[in-house]
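Me: Can you walk me through this one? I'll ask as I go.

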Amino acid sequence: MATSPCSSSGVSSSSSSGLGADTGLEIRTRSVEQTLVPLVSQITTLINHKDKPKRSDKTLQAIQRVGQAVNLAVGRFVTVGEAIANENHELKEEMSVACIEARRAGETIAQLTDVASLDHPESDSHITIFTDKTGVVKAARLLLSSVTKVLVLADRIVIKQIITSRNKVLATMEQLEKVSSFQEFVQIFSQFGNEMVEFAHLTGDRQNDLKDEKKKARMAASRAVLEKCTMMLLTASKTCLRHPDCESARINKNGVFHRMRLALEQVIEIVTDSRPNGENEMAPISIYSGIKEFKNKVEGLRENLYFLSKENLSTMLEVILEHTEDFTDSAYTSHEHREHILELSKQAKMELEQLVSVWMQAQNQKTKDLMEDLEVAILKTCQCMNELKREVHSAATSLAADLLKYHTDHMVLKALKITGVEGNLEAVAEYTCKLSEQKEQLVEMCRLLRHVSGTEPLEITCIHAEDTFQVTGPQIISAAETLALHPSSKIAKENLEVFCEAWESQLSDMSMLLREINDVFEGRRGEKRVYLSLPRPGKHNANLKALKPVKLDTEEQAKIAKLGLELHLLTSDVDSETEKWEDQENEIVQHGQGMSSMAYSMYLFTRGEGLLKTTQDLFHQAEIFATEGTKLASALHAFSDQVHDDDKPLLLLEAEKLISMCKQLQVTAKASVQGKSATFTKVDACILKTRNVMTLLCQLLPLCCKLLRKNKAGNGCLKPAPPWREERIRTGTNAHTPERRVETFGIKTLENHVTNMTFLESK
């Protein structure tokens with residue numbers, strides 16, 4: 001079923017962001033937000049000029065230049081919007097209205113700021129920014145609203161592309177389900193592979209563009225399912241074709257198709273911000289989030305004794321203690337942990353009773369002694385909750401560590417493979433029971449880890465892991481039964497291998513997840529975003545064997561360990577530098593944080609850990625890293641245009657170095673190699689060049705931070721940016737290629753236009 005993109009693009013009707021306040025829209029994607037930020041900033045600056053008592057000729061000229069530049073910029077922006085409308089007829093009417101409004105608002109601002117040639121700009125005989133104070137505010141609001149509408153409509157095109165791509169994948173999946181011959185299957189699967197790569201590319205870009213980290217994590221989980229299921233679908237379908245009368249093979253194949261459809265549907269839900277049948281998403285509450293909210297309410301009593309009721313606080317604690325029953329009722333929680341949790345739960349109730357008693361007294365009589373007693377009660381209650389949090393964390397993570405260590409040898413999977421090849425149905429049945437027990441243990445482990453994960457993205461990762469074990473366990477069993485019934489079948493053996501590898505991969509991911517959860521608990525880097533997309537389209541994609549992933553062996557990992565460690569240290573340095581910036585939404589900071597995240601995932605690859613599993617993953621990550629570096633260089637150039645300082649030549653030099661390094665890294669990452677030795681050399685070169693870029697980034701961030709601080713201190717190191725550069729709109733080139741049309745008339749073109757709206761904030 002196709003989903004309409006019209007109801008949700010990059011925004012919604014209710015505002016929760018600063019930018020949305022002026023437009024009545026909530027902005028959900030970074031590309032739309034970052035495009036609007038300069039416009040909001042400069043219009044705000046323009047409006048603020050009207051309240052200044054003294055206005056020199058220089059100030060009046062600056063105001064007029066800003067007004068004219070805004071109008072000219074909006075005119076060019078609108079031209080791009082109109083081109084989008086012509087290319088997408090279903091949006092033409094809405095886009096045209098928004099473009100007309102934007103053009104009108106831009107012209108109004110130009111008229112109101114036409115003050116430099118007037119002898120008395122405050123005179124009522126000529127309506128200006130000084131005499132019509134409300135007019136410029138109305139024009140500014142109209143401009144922000146209309147420009148946002150244009151951006152949102154352009155964003156709908158991206159959403160429409162993803163939906164169209166999903167629909168193509170679903171249609172081809174239906175064909176794959178119905179095929180009855182190997183020859184037909186191979187032809188259709190080749191088409192399916194290319195469609196999946198296109199879908200992965202589009203959704204990967206969208207994932208990185210989402211502002212909401214929770215949605216980003218859900219998108220990553222769904223895309224991970226699709227990536228793993230693609231190979232499962234291949235082997236499960238081939239097994240079913242080879243053994244058409246085998247019930248276990250049919251069950252195995254149907255399970256893969258069902259899971260892929262669910263994952264595709266979830267991607268569309270995230271992209272369109274909708275739920276089936278209008279359902280609201282009900283996320284389960286974790287113990288960590290419950291304790292955090294409870295402590296915030298308790299500590300809020302210091303400021304206000306009347307902002308909530310005692311019943312409200314008691315209910316919050318009851319919910320938390322109900323969730324601790326997941327630990328105390330679990331067969332896998334140790335006796336010691338169970339006793340400690342029960343003891344702390346009892347103590348928490350007592351501390352709350354004491355707190356409520358003092359709190360009620362303080363409401364009636366606010367004496368110094370009572371306020372001191374209240375402070376003590378608040379501290380004791382929060383301390384008890386911290387101890388409870390620490391205890392459930394210890395219970396969950398120690399269980400996870402023990403289970404992961406115990407199952408690291410994969411003995412049950414090995415036994416299933418052996419007994420399956422032997423055709424020993426009785427032994428296979430025995431080991432499938434053991435696998436079911438292991439699955440229950442791991443599912444329980446994921447449920448408990450979710451309670452202590454510490455962040456919403458990690459909670460979602462735990463839920464994804466639980467679902468993976470729940471689904472993959474029965475699929476391994478059906479694949480093993482098929483092999484036992486057809487012990488000489490090579491394809492049945494290969495199919496079982498694929499599902500076992502998925503299980504082993506999820507266990508490996510759990511080790512990484514456990515480390516991240518511990519990092520969050522201990523205040524270390526646990527919330528780092530890792531950018532990972534599926535392989536992008538290339539000339540060898542039709543040949544699936546050509547894309548067979550390669551992993552580094554132990555010896556190769558040892559050789560590259562030193563480089564990896566250097567990369568790790570550099571990511572820590574970059575993180576330290578970005579934390580010094582007051583404005584964490586600054587474009588330079590965000591690009592720096594993104595590059596640090598990607599470099600960190602590449603460091604984990606050198607240790608055989610993390611989400612980059614193969615050399616192909618690493619090379620793709622290096623390409624994205626280089627692209628992010630190029631975007632940072634563009635941001636640095638835009639920033640340098642405003643700098644009046646001795647450091648400007650150095651900033652430009654470093655930015656040019658960054659561009660050169662990123663181009664070299666892209667060339668290396670895209671280079672085709674064959675053979676183990678050549679692949680390792682390419683890995684080494686990619687990580688070395690990534691390290692060099694990170695070294696340069698460590699120098700650039702403090703330099704930019706220093707220049708910004710000088711400006712805030714009033715040293716006047718910023719000057720007016722030059723007018724927008726002319727950008728020719730390409731209309732007819734390669735119109736049949738979707739990617740080219742998106743580049744020409746997509747959101748990025750609009751972003752390039754508006755991002756240059758960084759003008760003088762007049763002194």
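Reply: A term to begin with: helices (H or I, at least four residues) and strands (E, at least two) are DSSP runs, numbered from the N terminus. On that basis, His337 is found in helix 11, residues 335–364.

Me: Where do the coordinates and numbering come from?

Reply: This is a predicted model; local features need pLDDT of at least 70, side-chain atom pairs count only at pLDDT 80 or more, and totals for chains, interfaces and linings use all residues. Residues are numbered from 1 along each chain as its sequence is written, and side-chain values use heavy atoms, with hydrogens and water left out.

Me: Back to His337, is it buried or exposed?

Reply: His337 counts as buried, because its relative accessibility is 14%. Buried means under 20% relative accessible area, exposed over 50%, and partly exposed in between (1.4 Å probe, protein chains only).

Me: What is His337 in contact with?

Reply: Leaving aside neighbours within four places in sequence, His337 is in contact with Glu391, Ser394, Ala395 and Ser398. Contact means heavy atoms within 4.5 Å.

Me: OK, whole chain. How many helices and strands?

Reply: The chain has 23 helices and 2 strands. Of its 763 residues, 52% count as buried. Among contacts with a separation of 6 or more, 77% are between residues 24 or more positions apart.

Me: Now packing. How do the axes of helix 9 and helix 10 cross?

Reply: The axes of helix 9 (residues 287–300) and helix 10 (residues 310–328) come within 10 Å and cross at roughly 155°. Axes are lines fitted to C-alpha atoms, for helices over the stretch in contact, and angles run from 0 to 180 degrees between N-to-C directions. The two helices are therefore roughly antiparallel to each other. As for the cut-offs, angles under 35 degrees count as roughly parallel, over 145 as roughly antiparallel, 65 to 115 as roughly perpendicular and the rest as oblique.

Me: Which residues of helix 9 and helix 10 meet?

Reply: From helix 9, Ile287, Gly290, Ile291, Glu293, Phe294, Lys297 and Val298; from helix 10, Leu313, Met316, Leu317, Ile320, His323, Thr324 and Phe327. They divide into 9 nonpolar, 3 polar and 2 charged. Ala, Val, Leu, Ile, Met, Phe, Trp, Tyr, Cys and Pro count as nonpolar, Asp, Glu, Lys and Arg as charged, and the others, Gly among them, as polar.

Me: What about the loop between helix 9 and helix 10, where Leu308 sits? Which residues is Leu308 in contact with?

Reply: Leu308 is in that loop. Apart from neighbours within four places in sequence, Leu308 is in contact with Lys297, Leu301, Leu313 and Trp359. Leu308 counts as buried because its relative accessibility is 11%.

Me: How do helix 9 and helix 12 cross?

Reply: The axes of helix 9 and helix 12 (residues 368–406) come within 10 Å and cross at roughly 170°. Helix 9 and helix 12 are therefore roughly antiparallel.

Me: Last one: what is the phi of His410?

Reply: His410 has a positive phi of about 55° although it is not a glycine. Most residues other than glycine have a negative phi. His410 lies in the loop between helix 12 and helix 13 (411–422).
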